[in-house]
Amino acid sequence: MSALNSLNSEAFTAFGQHVIWSDMAGNLLGLAGLALGWRRSVWAWPVQLVSGVVLVAAYWSADLTGGVGKQLLVIGVAVWGWFQWRRGIRGSGSGEIEIRFATWRERGALVAGTAAGTLAVVGLFTLYPSLSWNPWPDAYIFVGTVAAMVAMARGWVEFWFAWLAVDVVGVPLAFTSGLPFSGLVYVIYFVLVIAGMYAWWQQTRAPRPALEGAPA
């Protein structure tokens, strides 16, 4: 418990807002993971995993049980994404990630899964009010974050659009929940997401190298 108490102790105060270590460290790691994802580095996933572990402590301190659950799910998706990127999207074992736009069917599945997941989580939070004091935005961010990470693991450009949709709700929720550093990081996420979206979009337009042994 001493380590948890240290993580949730106050790091500094700025503009009347108290910033705790876990909120700051976890979100800085999350930013690093997003930046590494932009560069298509496999290290994006272990960094996201550690970020999730630290943010569990931050959300626990803010009594955001839904946020805790989200981070636990993020940890699981990070392990899966790490495996996906290590072996390569096409299963070649090269570790190279093919960046592409999702098909309309894949987009439909992602949107439908996000909507159904959000409704299911809202239902859970409504049935057990102690899990979340603000069910709709909490559930939306919970499921939206997982959807974005799944799209990232698959190498879909839509990953960045999913993150933008999460940011729209995540910024105000973080500030009103007493996690100002999370709110600030969501704003920085927005800038990184725009840059990453452009970089991945350009990658889809770059000519693909011919496979070794293929006819010219």
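A cavity is, on a 1 Å grid over the protein atoms alone, a set of points where a 1.4 Å probe fits but cannot get out, whereas a pocket is an open set with protein on both sides within 12 Å along at least five of seven lines, and the lining residues of either have an atom within 4 Å of a point. Grid points are joined across faces, edges and corners, and a volume is the space filled by probe spheres set on the points.

The legends below describe a predicted model, in which local features need pLDDT of at least 70 and side-chain atom pairs count only at pLDDT 80 or more, while totals for chains, interfaces and linings use all residues. Residues are numbered from 1 along each chain as its sequence is written, and side-chain values use heavy atoms, with hydrogens and water left out.

**View 1. The largest cavity and its lining.** A search of the whole structure finds two cavities of 30 Å³ or more, and the largest of these has a volume of about 170 Å³. Helices α2, α3, α4, α6 and α8 each supply at least two residues of the lining, and α3 gives the largest share, five residues; helices (H or I, at least four residues) and strands (E, at least two) are DSSP runs, numbered from the N terminus. By class, the lining of the largest cavity holds seven nonpolar residues, seven polar and one charged, where Ala, Val, Leu, Ile, Met, Phe, Trp, Tyr, Cys and Pro count as nonpolar, Asp, Glu, Lys and Arg as charged, and the others, Gly among them, as polar.

**View 2. The overall chain, as context for the close-ups.** The protein chain has eight helices and two strands, arranged along the sequence in the pattern α-β-β-α-α-α-α-α-α-α. Of its 216 residues, 45% are buried, where buried means under 20% relative accessible area, exposed over 50% and partly exposed in between (1.4 Å probe, protein chains only). Among the contacts (heavy atoms within 4.5 Å) with a separation of 6 or more, 64% are made by residues 24 or more positions apart.

**View 3. The largest nonpolar core, around Leu-34.** A nonpolar core is a set of buried Ala, Val, Leu, Ile, Met, Phe, Trp, Tyr and Cys residues joined through side-chain atoms within 4.5 Å. The largest one comprises 44 residues, of which Leu-34, Phe-159 and Trp-200 touch the most other members. Two or more residues of this core come from each of α2 (21-38), α3 (44-61), α4 (65-87), α6 (135-153), α7 (158-176) and α8 (180-205). Leaving aside residues up to four places away in sequence, Leu-34 touches Gln-48, Phe-159, Trp-160, Trp-163, Tyr-189, Leu-192 and Val-193. Apart from this core lies another, of six residues, among them Val-122, Ala-139, Phe-142 and Val-143.

View 4. Ser-41 lies in the loop between α2 and α3, where it is buried, with a relative accessible area of 18%. Residues up to four places away in sequence not being counted, Ser-41 touches Leu-36 and Trp-85. Val-79 lies in helix α4 and, at 45% relative accessibility, counts as partly exposed. Although Val-79 and Leu-49 are 30 residues apart in sequence, they are 7.2 Å apart in space, C-alpha to C-alpha.

**View 5. The salt bridges.** With a salt bridge taken as a side-chain nitrogen of Lys or Arg within 4 Å of a carboxyl oxygen of Asp or Glu, the count comes to two. One joins the side chains of Arg-100 and Glu-106 (2.9 Å, N to O), and Glu-106 counts as partly exposed at 22% relative accessibility. The other joins the side chains of Glu-158 and Arg-107 (2.7 Å, N to O). Because Glu-158 lies in helix α7 and Arg-107 in helix α5 (residues 104-127), this pair ties together parts that are 51 residues apart in sequence. Glu-158 is buried, with a relative accessible area of 11%, whereas Arg-107 is partly exposed, at 23%.

**View 6. The second largest pocket.** This pocket has a volume of about 250 Å³, and its lining includes Arg-107 and Glu-158, together with residues such as Tyr-140 and Phe-161. Helices α5, α6 and α7 each supply at least two residues of the lining, with the largest share, five residues, coming from α7. The lining divides into eight nonpolar, two polar and two charged residues.
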